[in-house]
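Biologist: I'm new to this one. Can you walk me through it?

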Amino acid sequence: FTDDLQFAGDASLALLNDMVNKVGTTVGETRSSLLVVGAHRTVDTESNPLLLKMLTQYKASDIINTTQIDLCGFELESLNEMVSDALCLPRRKTRSLAEVVHQKTLGIPLFVVEFLDALLTEKLLVHNSATGWGWDVDSIDLKKISSGVAALLACKLEQLPSQVLSAVKILSVLGSHIDRGVLKVVKKYDGSDGST
């Protein structure tokens with residue numbers, strides 16, 4: 001599975017293209033097969049001409065079988081039902097919140113969840129034990145939302161305490177598997193360059 005193909009560089013796409021184009025070739029008496037699942041945002045694909053060319057070639061190919069599944073965001077009614085269920089409120093009461101969330105996120109599930117989480121964090125969506133859930137649609141309407149996943153994650157990272165963010169920066173260059181000893185060293189790191 002390869003996600004965010006719209007952001008892939010030419011070398012990565014060339015490698016993927018080379019692998020896909022080898023499908024159907026015969027080695028000895030065995031015909032090779034490969035299942036590739038790729039995800040991309042249609043809107044951003046146009047800014048990557050190599051990806052667009054590859055996808056067009058795959059669709060026109062007699063050797064490569066392609067299936068395209070278009071995913072879209074929640075419809076307003078579905079989103080309102082989800083918000084209503086999450087807040088344990090009738091749909092008529094959550095309609096205004098669902099409308100502004102839908103407007104801001106286009107109903108894209110990841111953005112909906114992150115936007116609602118941001119509303120909670122920034123106290124634009126609050127729960128009071130006496131009055132229940134409350135929100136100010138006008139304040140929420142003024143809130144900006146990230147245009148992409150990378151910006152969304154960057155915004156979340158900026159909210160981390162400085163020591164945690166420093167550790168994340170250090171660990172990010174070490175890959176996805178980190179030895180416990182390295183974690184202990186990073187935990188003790190105070191940000192100095194080591195000279196006294």
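Biologist: Which residues of H4 meet which residues of H5?

Modeller: This is a predicted model, to start with. From H4, the residues are Leu76, Glu77, Leu79, Asn80, Glu81, Val83, Ser84 and Leu87. They meet Arg91, Thr94, Arg95, Leu97, Ala98, Glu99, Val101 and His102 of H5.

Biologist: How do the residues of that contact divide into nonpolar, polar and charged?

Modeller: Seven are nonpolar, four are polar and five are charged.

Biologist: At what angle do the axes of H4 and H5 cross?

Modeller: Roughly 120 degrees, and the axes come within 8 Å. H4 covers residues 76–87, and H5 covers residues 91–105.

Biologist: Why are H4 and H5 called oblique to each other?

Modeller: The axes cross at roughly 120 degrees. Roughly perpendicular ends at 115 and roughly antiparallel starts over 145, so the pair counts as oblique.

Biologist: Is the crossing left-handed or right-handed?

Modeller: The crossing of H4 and H5 is right-handed.

Biologist: Next, the loop between H4 and H5. Which residue there has a positive phi?

Modeller: Cys88 lies in that loop. Its phi is about 55 degrees, positive although Cys88 is not a glycine.

Biologist: Is Cys88 buried or exposed?

Modeller: Exposed, because its relative accessibility is 67% and the cut-off is over 50%.

Biologist: What about the loop between H5 and H6? Which residue has its place there?

Modeller: Leu106 does, and H6 itself spans 109–121. Leu106 has a positive phi of about 60 degrees, and it is not a glycine either. With a relative accessible area of 60%, Leu106 is exposed.

Biologist: Let's go to Thr105. Where is it, and is it buried or exposed?

Modeller: Thr105 is in helix H5. It is buried, because its relative accessible area is 2% and buried means under 20%.

Biologist: What does the side chain of Thr105 reach?

Modeller: The backbone oxygen of Val101, at 2.7 Å.

Biologist: And which residues is Thr105 in contact with, leaving aside neighbours within four places in sequence?

Modeller: Phe111, Val112, Phe115 and Ile145.

Biologist: Zooming out, how many helices and strands does the protein chain have?

Modeller: Ten helices and four strands. Along the sequence the pattern reads α-β-β-α-α-α-α-α-β-β-α-α-α-α.

Biologist: What share of the residues counts as buried?

Modeller: 22% of the 196 residues in the protein chain.

Biologist: Last one. Of the contacts between residues at least 6 apart in sequence, what share joins residues at least 24 apart?

Modeller: That share is 53% in the protein chain.

Conventions
Residues numbered from 1 in each chain as written. Predicted model: local features only at pLDDT ≥ 70, side-chain atom pairs only at ≥ 80, totals over all residues. Heavy atoms only, no water. Helix = DSSP H or I, 4+ residues; strand = E, 2+ residues; numbered from the N terminus. Buried < 20%, exposed > 50% of the residue type's maximum accessible area, 1.4 Å probe, protein only. Polar contact = N/O pair within 3.5 Å; in protein donor to acceptor, adjacent residues only side chain to side chain. Contact = heavy atoms within 4.5 Å. Axes fitted to C-alpha atoms, helices over the stretch in contact; angles between N-to-C directions. Parallel < 35°, antiparallel > 145°, perpendicular 65-115°, else oblique. Left-handed = near helix turned anticlockwise from the far one by under 90°. Nonpolar A, V, L, I, M, F, W, Y, C, P; charged D, E, K, R; others polar.
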